[in-house]
Amino acid sequence: MVTIQRLLLRLEFWFAPLLLLVPIIVSVVFLLEWYTKGFINGSSEYDSELLFSLLLIVGNLVFDIPFVRSIRTLKKKQ
Amino acid sequence: MLFSEMNAKDTLKTTKQKMAKYQAEFLEQINAIEVDAHWFRRVFHTFAASFLFYYLLPDEEWINVIKIIVPIIIVFCMVVIEYRRLRGSLDHQRFFGLRSYEKKQPASYLYFGIAVLLLFLLFPQQIAIPCILCASFTDPIIGETRYHLGKKKAYAIGFIMSLLFFLITWYRADWWILILVSLVGAAGALIGETKKLRFVDDDFMIQMLPALLLLLLWQGFMAFGVNILPPTIILPI
C-alpha cells in the first residue's frame with residue numbers, strides 16, 4: 001500500500017505542473033489575443049477570447065487550490 | 001498449564017492489538033489515496049478546457065494538417081496504452097486516479113480523448129466548444145456538489161452551468177436560436193452526464209450527446225434553408 005502511495009505521489013508531482021500551468025498559459029494567450037487584436041483596435045470580435053480567458057482561469061483555480069492542498073497534505077503524511 | 005494458558009491469552013491480545021493498529025493505518029492510507037485521486041480527477045477535467053487552444057492555431061495549410069494528425073496520434077497512443085493495461089502488460093497500479101470499475105474496462109480518459117477528437121475533426125467549433133467546456137467544468141461541478149447538496153441540486157447547478165457555456169458560445173446568434181440551442185445543449189449535456197451506460201463512459205456522453213443533438217438541429221434547419229450557426233467564436237492567431 002505504501003508503495004502505491006509513493007508511486008502516486010511521484011506521478012502527481014510529475015503531472016501537477018502540467019495540470020496547473022497549461023490552463024494558466026492558455027488563458028494568458030487568450031487574454032493577449034483579446035488585448036492586442038480586440039481592445040487596442042476597438043474590435044468586439046475578440047470579446048469571446050476575453051470570456052474564455054476568464055472562464056479558463058477561474059474554472060481552473062477553483063479546482064487547483066484544493067488539488068494543491070491535497071498534495072501538500074499527502075506529502076506531510078509521507 | 002496455567003502459565004502457558006496466560007501466555008497464549010497475552011499473545012492473542014497482542015496480535016489483536018497489532019491487527020487493529022494495522023487496520024487503522026491501512027484505512028488511513030486508503031483515505032489519503034481516495035482524497036488525492038478525487039482532486040486529481042477533478043483537475044484533469046478542468047485542465048481539458050485548455051484544449052480550446054486548438055482553435056487559436058493559425059489557419060495555414062500545413063498547420064491544418066498537423067491539427068488533424070496530432071490529435072489522432074495522441075488518441076491512438078492512449079488506445080495502445082489502454083489495450084496494454086487491459087491485457088495486463090502494464091500494471092494497473094501505475095495508473096493513478098482510475099476508478100475501481102475501470103480495472104476491466106477502458107478508462108474514462110480514453111473516452112474523453114476520443115470525444116474531443118471527434119469534436120475537433122467532425123464538428124464546427126460553435127458546437128464543439130461548449131461541449132468541451134461541459135465536460136471540463138460541468139462534470140466536476142456536478143461531482144463536487146452532489147456530495148454536499150444532493151443529486152437534485154447538483155443536477156440543477158450542472159444544467160445552469162451548461163446553459164451558461166452554450167449562451168457564451170452562441171451569443172452572436174439570434175435570441176430565439178440562442179435560447180433553443182442553449183436549452184437543447186444543456187439538456188443533452190445533463191442527460192449525457194446522468195445516464196450511466198454500461199459500455200460508454202459519461203465523459204464521452206456529456207460531450208457527444210449535446211454535440212449530436214445540435215448537429216441534428218443545425219442540419220434540420222439547414223434543410224429548410226435557415227443557417228442557425230453563428231460566426232466562429234475563436235479566431236485563429
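Does Thr232(B) count as buried, exposed or partly exposed, and why? With 15 C-beta neighbours inside 10 Å, Thr232(B) counts as partly exposed; a residue is buried if 20 or more other C-beta atoms lie within 10 Å of its own, exposed if 12 or fewer, and partly exposed in between, with C-beta atoms placed from the backbone. This is a predicted model, in which local features need pLDDT of at least 70, side-chain atom pairs count only at pLDDT 80 or more, and totals for chains, interfaces and linings use all residues. Residues are numbered from 1 along each chain as its sequence is written, while chains are lettered from A and ligands numbered from 1 in the order in which they are written.

**Confidence**

- The predictor gives the complex an ipTM of 0.85 and a pTM of 0.83.
- Chain B has a mean pLDDT of 87, and 89% of its residues reach 70 or more; pLDDT is the predictor's confidence in each residue, from 0 to 100.
- Where pLDDT is low, the predicted coordinates should not be read in detail.

**Chains**

- Chain A has 2 helices and 0 strands; helices (H or I, at least four residues) and strands (E, at least two) are DSSP runs, numbered from the N terminus.
- Of the 78 residues of chain A, 28% count as buried.
- In chain A, 45% of the contacts between residues at least 6 apart in sequence join residues at least 24 apart; two residues are in contact if their C-beta atoms, placed from the backbone, lie within 7 Å.
- Chain B holds 7 helices and 0 strands, and its elements run α-α-α-α-α-α-α from the N terminus on.
- Of the 237 residues of chain B, 34% count as buried.
- Among contacts in chain B with a separation of 6 or more, 68% are between residues 24 or more positions apart.

**Nonpolar core**

- The largest nonpolar core has 60 residues; such a core is a set of buried Ala, Val, Leu, Ile, Met, Phe, Trp, Tyr and Cys residues joined through C-beta atoms within 7 Å.
- The residues with the most contacts inside this largest core are Val43(B), Ala49(B), Leu52(B), Cys131(B) and Ile132(B).
- Two or more residues of this core come from each of H1 (2-39) and H2 (47-77) of chain A, and from each of H1 (2-47), H3 (108-122), H4 (125-149), H5 (151-169), H6 (175-194) and H7 (202-223) of chain B.
- H4(B) supplies the largest share of this core, 11 residues.
- Not counting residues up to four places away in sequence, Ala49(B) touches Pro23(A), Leu56(A) and Gly59(A) in chain A, and Ile132(B), Leu133(B), Ser136(B) and Phe137(B) in chain B.

**Helices of chain B**

- H2(B), residues 61-87, has 27 residues that should span 39 Å at 1.5 Å a residue, and its end C-alpha atoms are 39 Å apart, which agrees; the expected span is 1.5 Å times one less than the number of residues.
- The number of buried residues among the 27 of H2(B) is 2, so this helix lies largely in the open.
- Just after H2(B), Gly88(B) takes a positive phi of about 100°.
- The 15 residues of H3(B) should span 21 Å, and the end C-alpha atoms of this helix are 21 Å apart, which agrees.
- The buried residues of H3(B), including Tyr109(B), Phe112(B) and Leu119(B), pack against H2, H4 and H7 of chain B.
- The 22 residues of H7(B) should span 32 Å, and the end C-alpha atoms of this helix are 31 Å apart, which agrees.
- The buried residues of H7(B), among them Asp202(B), Met205(B), Leu214(B) and Trp218(B), pack against H3, H4 and H6 of chain B.
- Just after H7(B), Gly225(B) takes a positive phi of about 80°.

- Thr232(B) lies in the segment after H7 of chain B.
- Leaving aside neighbours within four places in sequence, Thr232(B) is in contact with Gln125(B) and Gln126(B).
- Thr232(B) and Pro124(B) are 108 residues apart along the chain, and their C-alpha atoms are separated by 8.4 Å.
- Ile179(B), found in helix H6 of chain B, counts as partly exposed with 15 C-beta neighbours inside 10 Å.
- Ile179(B) and Phe166(B), 13 residues apart in sequence, are 9.1 Å apart in space, C-alpha to C-alpha.
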